[in-house]
Amino acid sequence: MVTPPPMTVIDAGDIAAQVEHNRPELVEVVRAAYLAHDAGQSANPHSSFLRFPHNSRARIISLPAYLGGEFEVAGNKWIASFPENTRHGIPRASATLILNDCATGFPFACMESSIISATRTAASAVLGAETLVGERRARRVGIVGTGLIAQHVWKFLRDLDWEIGGYRLFDLDQDAAKRYGAVVAEHTDAEIVIADRVEDAFTDCDLVVLTTVAGEPHLHDARLLAHNPVVLHLSLRDLAPELILAAQNFTDDVDHAVRERTSLHLAEQRAGNRDFVDGTLGDLLRQRLRRHPGRPAVFSPFGLGVLDLAVGKWVHDRVVAAGGGHPQAGFFDGVGV
C-alpha cells in the first residue's frame with residue numbers, strides 16, 4: 001500500500017549543525033550528485049527568474065529538479081535575492097527547499113535553504129578547485145567579495161585541510177574584508193593581506209574565488225589571468241568576455257550556464273558560438289577532460305538544483321534519524337482523493 005510520507009519542517013539551526021561537522025562528507029555528496037547528473041540520472045529544467053518591475057535589483061529564482069541514483073528525490077528551491085535587505089540589517093538572500101517523494105509526489109520536507117544553497121555552492125567550488133588544481137594546496141588564495149558565500153568556501157577549504165600559504169582579500173566594503181580576514185586569522189598562520197584594489201586579489205594568487213553580487217562584468221584586464229590561475233567564478237558575471245575567451249572554461253551544465261547574461265553568455269554573443277566552453281565538472285571528474293596547465297582555468301558553475309536536492313536530502317535524513325526537525329502530523333489530512 002502506497003501512502004504519503006510524513007511531513008517535516010527543518011529549520012536553520014538543525015541544518016547548520018549537520019553542515020558544521022560534516023563538510024568533507026558533503027563534498028562527496030556533491031561529487032555523487034554531479035556524477036549522477038553526468039550519467040543522465042537527473043532532470044534539471046532551466047531556473048525561472050521572477051523579477052519585479054518596481055525593483056530591478058531584486059529577484060526570486062525557482063530551481064525545480066529530480067535527482068536519481070542513490071538519492072531518488074525531487075523538489076524545488078525557491079530563493080530570493082533582495083540586496084536592499086542589508087540596509088535594514090537582514091540577509092540579502094532567503095530560501096526554502098521543498099523535497100518531494102518520488103513514489104507519490106507528496107512533499108515530505110520543508111527546509112530553510114539559504115544554508116543548503118551556500119553549502120552546495122561552496123562544496124561545488126572546492127570540488128572544482130581540487131579537480132583543477134590537482135591537489136589540496138595553494139600558494140596564495142585571492143578572494144573577491146567577502147560575504148556569506150566566501151565564508152562558506154573558506155570553511156570548506158579549512159575543513160578539507162587545504163595547505164594555503166596566504167590570502168589576498170578584496171571587498172568594496174574594506175571593513176567587511178577586514179572582518180573576514182580576522183576570522184580566518186583565528187585558524188591559520190598564513191599571511192592575510194587586505195587588498196586596496198581588486199587586481200591585488202589576483203596578483204601572485206594561484207587560486208582566485210569570485211563571490212560578488214555583480215550584475216555585469218567589471219574585470220576587463222587580460223593581465224589578471226596572465227599567470228594562469230584557477231578561478232572559481234561563482235558569481236558568474238564578474239569576468240568580461242575577453243577574459244573568458246582567453247581561458248580554459250568549465251561549468252556544471254553548459255545549457256544552464258550560458259544564459260541570463262552571465263559572462264559565459266556574453267562571451268557566446270561575442271564569439272558567435274560556445275566552442276570556448278571546454279566542458280563540465282562531470283567531464284573532469286570522469287577524466288574525459290583535463291586542465292591545460294599552460295592556460296588560466298575558469299570554473300563558472302551556474303548552481304544546479306540537483307545539488308540542492310542532494311545536500312537537502314542528506315541533511316533531512318540525518319536530522320530525522322537524530323529525532324530533530326518538526327514533524328507536521330496531519331499536514332495533508334482533509335485532502336480529497
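## Salt-bridge network

Glu20, Arg23, Arg158 and Asp159 are joined in a network of salt bridges. A salt bridge here is a side-chain nitrogen of Lys or Arg within 4 Å of a carboxyl oxygen of Asp or Glu. The model is predicted: local features need pLDDT of at least 70, side-chain atom pairs count only at pLDDT 80 or more, and totals for chains, interfaces and linings use all residues. Residues are numbered from 1 along each chain as its sequence is written, and side-chain values use heavy atoms, with hydrogens and water left out.

The charged end of Arg23 is over the ring of Phe156, 5.8 Å from its centre. Arg158 lies over the face of Trp154, at 4.9 Å from the ring centre. The criterion is NZ of Lys or CZ of Arg within 6 Å of the ring centre and within 35 degrees of the ring normal.

## Helix α4

Helix α4 covers residues 148-159. Helices (H or I, at least four residues) and strands (E, at least two) are DSSP runs, numbered from the N terminus. The 12 residues of α4 reach 17 Å from first C-alpha to last, close to the 16 Å expected at 1.5 Å a residue. That expected span is 1.5 Å times one less than the number of residues.

Which residues of α4 are buried? They are Ala150, His152, Val153, Trp154, Phe156 and Leu157. Buried means under 20% relative accessible area, exposed over 50%, and partly exposed in between (1.4 Å probe, protein chains only). An α-helix has 3.6 residues a turn, so residues three or four places apart point the same way. Just after α4, Asp161 takes a positive phi of about 60°.

The whole structure holds 25 salt bridges. One of them joins the side chains of Glu25 and Arg318 (3.3 Å, N to O). Glu25 lies in helix α2 (residues 23-38) and Arg318 in helix α10 (residues 305-321), so the pair ties together parts that are 293 residues apart in sequence. Glu25 is partly exposed at 36% relative accessibility. Arg318 is partly exposed too, with a relative accessible area of 31%.

Glu242 bridges to Arg270, with the closest N and O atoms 3.6 Å apart. Glu242 belongs to helix α6 (residues 241-245) and Arg270 to helix α8 (residues 263-271), so this pair ties together parts 28 residues apart in sequence. Glu242 is partly exposed, with a relative accessible area of 30%. Arg270 is exposed, at 52%.

## Aromatic pairs

A search of the whole structure gives 3 aromatic pairs. Phe331 and Phe332 form an edge-to-face pair, 4.9 Å centre to centre with 80° between the planes. Rings of Phe, Tyr and Trp (its six-membered ring) pair if their centres lie within 6.5 Å; planes under 30 degrees apart count as stacked, over 60 as edge-to-face and the rest as tilted.

Phe106, Phe331 and Phe332 make up one aromatic cluster. Phe331 is partly exposed at 48% relative accessibility. Phe332 is partly exposed at 23%.

## Cys102

Where does Cys102 lie? Cys102 is in the loop between β6 (93-100) and β7 (107-112). Its relative accessibility is 32%, so Cys102 counts as partly exposed. Leaving aside neighbours within four places in sequence, Cys102 is in contact with Tyr66, Glu72, Val73 and Ala74. Contact means heavy atoms within 4.5 Å.

Cys102 and Val153 are 51 residues apart along the chain. Their C-alpha atoms are separated by 32 Å.
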